[in-house]
2 protein chains.
Amino acid sequence: MIAFPSIDATPALLVDRAVLDGNIARMAASARERGLDVRPHAKTHKCIEIAHLQLAAGARGLTVATVSEAEAFAQAGFDDIFIAYPLWVDAARGARLQALSETVQLTVGIDSAAGARTLADHCDTSIGVLVEIDSGHHRTGVAPEQAGVVASEAQALGLNVLGVFTFPGHSYGPGLPHVAVAEETDALAVAAAALRDAGIDPVVISGGSSPTALIETPSVATELRPGVYVFGDAQQLELDAVTEADIALTVLATVVSARGEVVVLDSGSKTLGADRASWATGYGRILGEPDARITALSEHHATVGWPNTSTRPDLGQRVRVIPNHVCNTVNLADELIVTDGRHADAVVDRWRVAARGCNT
Amino acid sequence: MIAFPSIDATPALLVDRAVLDGNIARMAASARERGLDVRPHAKTHKCIEIAHLQLAAGARGLTVATVSEAEAFAQAGFDDIFIAYPLWVDAARGARLQALSETVQLTVGIDSAAGARTLADHCDTSIGVLVEIDSGHHRTGVAPEQAGVVASEAQALGLNVLGVFTFPGHSYGPGLPHVAVAEETDALAVAAAALRDAGIDPVVISGGSSPTALIETPSVATELRPGVYVFGDAQQLELDAVTEADIALTVLATVVSARGEVVVLDSGSKTLGADRASWATGYGRILGEPDARITALSEHHATVGWPNTSTRPDLGQRVRVIPNHVCNTVNLADELIVTDGRHADAVVDRWRVAARGCNT
């Protein structure tokens, strides 16, 4: 039986503490066995309390996507942060990075000589640099064999080049995680060799995404940066990266309309996010009801196809939604309501989404 | 020439004050000529200052989607609010509605006898009620000919039934606005007649969406509830509901990668929202560059296909993005930066997104 905590107002984001702890422990153990550091991507939870749990489980530091996320975690005392993004550093952003570097062991991404120059122009050289490589996602990053060129240019500007990183985002597609991890492994090896050929020792070789991080493959990588693994979501379910038992975050929602094989919930795109990958089977799922799918999403309505009419909830009943892409769901909320598990209904804590909206 | 205001950090939401004022005035004038009230949907802007501009232009009151949005605007002194949603009213929500009704002329939606009963059980009868009808969008609402039945049941419970409302959301598709407005017109006429047959005078007959609100059709409607019209967005462009000259809100973004016919911007789904209707030609557009399209979106990356290499911006340059669905974009931001127009670069104000995240 799935429990429905007594919460005054829906929609609300629930975090099952036991499932969360299990997800953090599993990733930590898997990485430890392989001799890999975990530097979890905090963009998923944006939450001080969860970052502390990750560090307590052995994480080396945090990954973030923006300077303002780094500022939010630095303010809470975190002192080892990698901004996994090819920042364009103007005077204003440079001043913020410089300020961060006073209290944080800070590392940032670059993927061009021009980007390296903007960093060198505005910041001192205590900030570490990782060269981003494209391992197949074709978003940002240089070709792996070009990593040595960019690294040399950065070093010539006085920057402290520590290694390379990649995001194998092409793991997001049914059947693709194993393909992506093989390409990532090759790309990191080529890039690391390119740095060595340029006379630079790659002490950090960083990869990983939630769909691939638990796939064990011999690799030159030193570090994994998964994010979504803490909560899981419907995308990870459809990629076979998690099972429903691993889903730690759900959205408590109320049925506002019910007819035949359809219910409408009060959690729409302003709560769940509007993510729907081309391969996704819907806009989200329902905990404990594997055949139900969100078939349409408005800002405050989720229309759910519910084929099993014997379990279909009625007007006013509550359900727990598994969002498609939990990172965007969390970024829409101000707090996470922590329960002591899926099968109990006690609220044990409320955690602030401290870095919500930190986009700059 | 498009101007790029001097703003320290991207991404940032810019509102062109002159375009905004023009959009508000055009809708107000069109409705006035037709003898219709405008009750703009404040979910789009969630902003006290813009709601004041709408009322100053003659709007009768505000529409919102949630109780918490109503609370945010009531706190700012707005005293005539319609919650256009078939609320399920439990004790907690009932207490909030009751409190709102002390200072606000409050109206809410119902679309079932069961929903009406929860309202009557928890609130007094000063709260007005509109019966939601389904005019073709097939989300919530009863069939138009059933409106009289639900209205009678609500009235029998002591509720103050004022009329009917619908949202012609099936206007969202190329070529569909005129189809939807015709169906909406018929549905409102049928529903109003059904109320009269049940002995209830429909003093409010409310419809309208941004793609349809400016289409002039003889109708029994008394009121329009458009939302997006204040800003426009890429969806409205693709529905031919607006031109680029009507786009009042853009997202200032920085190019972080540029190669061939592709640029990558620092405004991803956590800034723009992930909305992409099945008929949309991309995840967003670029102001002044009608052939460019956002072809892929990550949380902090927008990959843009930019076929005209002679105008393609380079690393570090800024562009202005037209988001697909501006309601979700605004709900991700804490403030709107107001400029004195597209062709100047002066920041004249900063407005807080006061009802951001108000989902309950």
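**Entry 1: the cover of helix H1 in chain A**

I looked up what covers the buried residues of H1(A), and the list includes strand S1 (12-16), strand S2 (37-38), helix H2 (48-56), strand S9 (223-224) and strand S17 (347-352) of chain A. Contact here means heavy atoms within 4.5 Å. Helices (H or I, at least four residues) and strands (E, at least two) are DSSP runs, numbered from the N terminus.

I note that this is a predicted model, in which local features need pLDDT of at least 70, side-chain atom pairs count only at pLDDT 80 or more, and totals for chains, interfaces and linings use all residues. Residues are numbered from 1 along each chain as its sequence is written, chains are lettered from A and ligands numbered from 1 in the order in which they are written, and side-chain values use heavy atoms, with hydrogens and water left out.

Which residues of H1(A) are buried? I found A:Val19, A:Leu20, A:Asn23, A:Ile24, A:Met27, A:Ala28, A:Ser30 and A:Ala31. Buried means under 20% relative accessible area, exposed over 50%, and partly exposed in between (1.4 Å probe, protein chains only). Seen down the axis of H1(A), the buried residues fall within an arc of 165°, so they line one face of the helix. The arc is taken from the directions from the helix axis to the C-beta atoms. On the face turned away from the buried side of H1(A), I recorded the exposed residues A:Ala18, A:Arg32 and A:Glu33.

I then checked the length of helix H1 (residues 17-33) of chain A: at 1.5 Å a residue, its 17 residues should span 24 Å, and the end C-alpha atoms are 24 Å apart, which agrees. The expected span of a helix is 1.5 Å times one less than its number of residues. After H1(A) comes A:Gly35, with a positive phi near 70°.

**Entry 2: H1 in chain B**

I repeated the search in chain B. The buried residues of H1(B) are B:Val19, B:Leu20, B:Asn23, B:Ile24, B:Met27, B:Ala28, B:Ser30 and B:Ala31. They fall within an arc of 165° when H1(B) is seen down its axis, so they line one face of the helix. The face of H1(B) turned away from its buried side holds the exposed residues B:Ala18, B:Arg32 and B:Glu33. Just after H1(B), B:Gly35 has a positive phi of about 70°.

**Entry 3: how the two chains are related**

I laid chain A on chain B: a turn of 180° and a shift of 0.0 Å along the axis give an RMSD of 0.0 Å. The two copies are thus related as by a two-fold rotation axis. Copies are superposed by least squares on the C-alpha atoms of residues with pLDDT of at least 70 in both. Which residue of chain A comes closest to the rotation axis? I found A:Ala274, at 2.5 Å (C-alpha).

**Entry 4: the interface**

The contact takes 55 residues from chain A and 55 residues from chain B. I noted that 100% of the interface residues of chain A are also interface residues in chain B, so the copies meet through the same surface. The area buried between the chains is about 4,200 Å², and carbon and sulfur atoms give 48% of it. A:Tyr85, A:Arg139 and A:Lys270 supply 16% of the area that chain A buries against chain B, more than any other three residues. Buried area is the accessible area (1.4 Å probe) that two parts lose on being put together, summed over both.

How many salt bridges does the rule find across the interface? It finds 6. A salt bridge is a side-chain nitrogen of Lys or Arg within 4 Å of a carboxyl oxygen of Asp or Glu. I looked up A:Lys43 with B:Glu299, a salt bridge whose closest N and O atoms are 2.8 Å apart.

**Entry 5: backbone details**

The peptide bond from A:Thr10 to A:Pro11 is cis, with omega near -5°; A:Pro11 is in the segment before S1 of chain A. A:Asp240 is a residue other than glycine with a positive phi, near 60°. A:Asp240 lies in the loop between helix H8 (234-238) and strand S10 (249-259) of chain A, and at 71% relative accessibility it counts as exposed.
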